[in-house]
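Work through the exercises below with the sequence and the coordinates at hand. Each task is followed by a solution in steps.

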Amino acid sequence: MGPVGTPPHTTEPSQGLSIDLIGESSRVHPEDRARIAAALHRALGELGARGELRVRLVNDAEMVRQHGERLGEFSTTDALTFDLSDGSAGDRVLDADVLVCVDEAIRRSGERGIEVWRELTLYALHGALHCLDHDDKTEDAAARMHAEEDRLLELAGVGAVYAVGERGGAAR
């Protein structure tokens, strides 16, 4: 969580979807937090998603700690997703926590030549899509998921993010 006294960025539920952005308040400008939340609302709204998505912005150290505790891999990564739904409410209902790494987003956005908030939006959307039955375990599945991410990001007004790295030669 961010510094004491720094409120999370919370969006009002619209069409039954609530999105909260918490943590790393000093490194992600409030306007960018609002952009991320609005883009996620538009992208997930396109899919008819409802429920709650909590996005926690963390640094490398916290991501390494969480990645190690949860998956036994003591390295940083872009996002970790925790699907808290029991599946009984339907396939478009979210109850998820997604940790996204600000440090990784800074590195990747620099490689792609895009704003950090766009990269963070990709990470949060990627996590939400995992909770909506998308996967990237095989090369074909990953290609489909990344194409869907870019499609939704285009519709949300963010623009393609994943494809920028592909065109620019940056590995994902």
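**Exercise 1. Give the order of the secondary-structure elements in the protein chain.**

Solution. From the N terminus the order reads β-β-α-β-α-β-β-α-α-α-α. That corresponds to six helices and five strands, where helices (H or I, at least four residues) and strands (E, at least two) are DSSP runs numbered from the N terminus. The model is predicted: local features need pLDDT of at least 70, side-chain atom pairs count only at pLDDT 80 or more, and totals for chains, interfaces and linings use all residues. Residues are numbered from 1 along each chain as its sequence is written, and side-chain values use heavy atoms, without hydrogens and water.

**Exercise 2. Is Ala-128 buried or exposed, and which residues is Ala-128 in contact with beyond its neighbours within four places in sequence?**

Solution. Start with the location: Ala-128 lies in helix H4. Next, Ala-128 counts as buried because its relative accessibility is 0%; buried means under 20% relative accessible area (1.4 Å probe, protein chains only). Then list the contacts (heavy atoms within 4.5 Å): outside four places in sequence, they are Leu-44, Leu-53, Leu-94 and Val-98. For Leu-53, 75 residues away along the chain, the C-alpha separation from Ala-128 is 7.4 Å.

**Exercise 3. What share of the protein chain is buried, and what share of its contacts with a separation of 6 or more joins residues 24 or more positions apart?**

Solution. Of the 172 residues, 51% are buried. For the contacts, the share is 59%.

Terms used. Buried means under 20% relative accessible area, exposed over 50%, partly exposed in between (1.4 Å probe, protein chains only).
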